[in-house]
Amino acid sequence: MEKKPAFLCRNPHTLNTWRDRELYSLRMQRNREKMEREKTEQHQNQFKRKLRVCVATCNRADYSKLAPIMFGIKAHSDEFELEVVVLGSHLIDDYGNTFRMIEQDDFDINSKLHTIVRGEDEAAMVESVGLALVKLPDVLQRLRPDILIVHGDRFDALALATAAALMNIRILHLEGGEVSGTIDDSIRHAISKLAHYHACCTRMAEQHLIAMCEDHSRILLAGCPSYDKLLLTHRKDDYMDIIKSWLGDKVQDRDYIVALQHPVTTDIQHSIKIYGLMLDALLSFNKKTLILFPNIDAGSKEMVRVMRKKGIEQHQNFRAVKHIPFEQFIQLVCHAGCMIGNSSCGVREAGAFGTPVINLGTRQTGRETGENVLHVRDADTHNKIYHALELQFGKRYPCSKIYGDGSAVPRILKFLRSIDLDEPLQKTFCFPPVKESISQDIDHILETQSALAVDLGGTNLRVAIVCKRGNILKKYTENNPKTFEDRMCLILKMCKDAIQDAVSINCRILGVGVSTGGRVNPQEGVVLHSTKLIQEWSCVNLRTPISDALHLPVWVDNDGNCAALAEKKFGHGKGVENFVTVITGTGIGGGIIHHYELIHGSTFCAAELGHIMVSLEGPECSCGSRGCVEAFASGMALQREAKMLHDEDLLKVEGIDKLCEPITAVHLITAAKMGNSKAEAVLHKASTALGVGIVNILHVVNPSLVILSGVLGSFYQEPVQHVINQRALKSAQSIKVVSSHLEEPALLGAASMVLDYATRRTY
């Protein structure tokens with residue numbers, strides 16, 4: 001037995017040394033803290049409410065997708081409380097009273113709702129939806145679930161989603177975003193618009209939901225839940241017993257056909273015709289066939305009449321059934337020589353086994369399919385379908401996992417745990433940018449909606465009246481005062497003068513946008529920290545004094561961010577989802593647009609692109625560090641290098657005896673263009689540093705476009721593109737670098753803040 005340290009075994013009163021007593025006290029304190037933490041956690045868990053999840057199932061097909069989730073929820077009863085509602089064809093004798101298999105799976109059914117109006121025509125479907133809407137409110141009010149899980153595209157599911165949405169119950173929709181080409185599409189998309197959360201099966205379905213303006217953060221790419229079960233259980237040793245129990249003792253593996261055809265409610269007559277031709281082809285093909293009755297949609301009654309008229313139920317090669325348990329159905333599809341019809345099972349689950357499938361008609365048009373599916377869109381005789389059977393029967397295809405990998409349920413349960421019941425219930429939509437509508441308000445027609453733009457630079461203070469089209473109607477320029485008080489007085493004076501002039505040129509000023517150097521909190525309108533070029537300009541609240549004096553809303557942001565906003569509204573960035581603007585002027589700055597939104601960062605210093613380090617031992621930067629892009633490639637850096645060359649008499653070029661003072665970056669560029677090798681070397685180093693900095697941006701943000709703004713933008717465009725082509729990852733080398741055509745990006749960006757927000761209904 002391991003011997004404990006002596007100081008842990010002794011009575012504290014017998015501890016002689018100071019260190020022994022200290023260690024003993026520390027150990028006892030830690031034990032007390034641990035016990036208090038455990039007690040607190042137990043108390044919190046005791047009062048933590050379980051998430052009430054209601055699963056509503058309407059038919060045998062959707063239960064096969066919902067059952068794995070239900071088992072998962074039941075297995076985590078400490079976190080979830082499962083409520084089960086059964087309605088639709090589950091409760092109809094003609095369709096096998098399939099609610100019994102839910103009970104056999106040991107689920108307690110909280111409510112059974114008879115919602116189907118018989119008739120199997122269009123009117124009956126509408127009446128069934130209405131009947132469900134009449135009965136559901138009482139059930140949902142009694143169960144009071146936190147979230148309702150709805151599957152697919154059935155009219156019963158539409159009634160569930162409608163009732164839950166109107167009763168302010170959160171909805172998780174399974175298998176939204178898919179396309180099948182029938183009325184099911186309309187119902188499926190309608191449910192998606194009512195749902196608050198989505199668990200889709202494929203990447204394409206996810207993209208469809210995003211295109212439908214659904215919030216990407218509420219979309220889970222989970223895969224199909226039924227795959228969790230079928231990928232684990234389809235290779236059972238007793239599969240021949242299952243096959244023989246349904247098709248007789250003489251049938252062999254892969255020597256029979258599974259047929260399942262449903263009506264297409266938007267073209268019932270065509271559905272009936274294709275169904276009859278399918279039966280004729282199967283009769284001629286002379287193979288053992290397991291045929292399932294169609295679902296309860298409009299047209300199913302006529303299809304059953306066709307089946308009975310052809311004597312299918314009495315034919316020796318056919319076994320006609322209304323329902324097969326899902327686990328057994330998996331075995332039958334997996335080992336079939338072929339599956340035929342228009343069931344989604346053919347294009348989804350059958351692909352996981354490589355079972356050959358013949359898809360008939362238009363019901364699954366638009367679905368993603370594996371190579372195992374052969375489509376027969378239309379036929380006038382049964383010969384085309386017969387030929388398809390000859391091509392497909394008995395083949396084996398590679399297994400396809402388009403619709404899932406067997407891990408959907410753990411993903412969905414994790415997604416359910418992440419749902420915050422305290423966040424607003426009202427869902428929001430992520431609409432793409434649209435062309436601005438023409439206002440019919442008489443005031444807007446008679447006046448030009450405009451913004452007052454203010455640009456605070458290191459030397460000049462500028463104010464401009466900017467219209468919605470981005471035209472600068474009038475501009476005012478003054479020297480930027482050195483003190484805070486003088487600067488604020490001048491800003492207000494210039495703004496008031498501009499507002500008076502706006503009346504004479506028929507402009508309505510909607511607000512004031514301010515572009516300034518330094519780090520800015522745009523939410524509060526406060527300059528947190530200024531650059532060295534603008535004195536007495538830290539911790540300055542710009543919004544309040546300007547708004548109080550002018551009685552207008554005021555927006556404030558960093559000049560780099562404003563340049564990005566200007567490009568987004570008026571320049572190369574218009575309509576581009578992700579791009580970066582880099583200002584190449586006195587300093588180096590910029591802004592990042594990601595998913596059409598400007599990125600500010602947690603402490604409002606995102607996009608400080610000039611301070612990306614490209615060298616550990618480079619020249620000193622204005623920020624106090626070394627090796628920043630700005631220390632190599634800014635106008636000030638080039639001016640510094642030009643002066644050094646000039647002082648050493650190395651900036652000379654043929655034909656020019658003496659350079660005009662003061663020496664600037666322009667002299668350096670001119671000397672390089674005229675063949676001065678020293679100037680060329682400086683500019684090559686600056687271009688490379690800027691290019692490497694932009695390559696780092698591409699690898700972090702991965703925009704689709706880089707816009708170079710400022711006086712040096714056009715000069716740097718070509719060499720920066722060259723560096724990207726040489727040094728960027730292959731996937732980023734195709735990103736284009738363009739030079740801005742905007743003459744006043746800071747003013748236009750300041751104006752865009754006003755024009756984008758002030759013209760919204762709400763902001």
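In this structure, R52 stands opposite E81 of strand β2. The model is a predicted one, in which local features need pLDDT of at least 70 and side-chain atom pairs count only at pLDDT 80 or more, while totals for chains, interfaces and linings use all residues. Residues are numbered from 1 along each chain as its sequence is written, and side-chain values use heavy atoms, with hydrogens and water left out.

**Exercise 1. Describe how strand β2 is joined to β1 and β3, and how the chain passes between them.**

Step 1. Helices (H or I, at least four residues) and strands (E, at least two) are DSSP runs, numbered from the N terminus. Two strands pair if DSSP finds at least two bridges between them; β1 (residues 51–57) and β2 meet this with seven bridges, in the parallel sense.

**Exercise 2. Decide whether strand β2 is largely enclosed or open.**

Step 1. Buried means under 20% relative accessible area, exposed over 50%, and partly exposed in between (1.4 Å probe, protein chains only).

Step 2. Of the eight residues of β2 (residues 80–87), six are buried, so the strand is largely enclosed by the rest of the structure.

**Exercise 3. Classify the ring pair of Y197 and F415, and then that of F429 and F431.**

Step 1. Rings of Phe, Tyr and Trp (its six-membered ring) pair if their centres lie within 6.5 Å; planes under 30 degrees apart count as stacked, over 60 as edge-to-face and the rest as tilted. The whole structure holds seven aromatic pairs.

Step 2. The centres of Y197 and F415 are 6.0 Å apart and their planes stand at 80°, so this pair is edge-to-face. Because Y197 belongs to strand β6 (residues 197–200) and F415 to helix α17 (residues 408–418), the pair ties together parts that are 218 residues apart in sequence. Both Y197 and F415 are buried.

Step 3. F429 and F431 form a tilted pair, with 6.0 Å from centre to centre and 45° between the planes. F429 is partly exposed at 31% relative accessibility, whereas F431, at 64%, is exposed.
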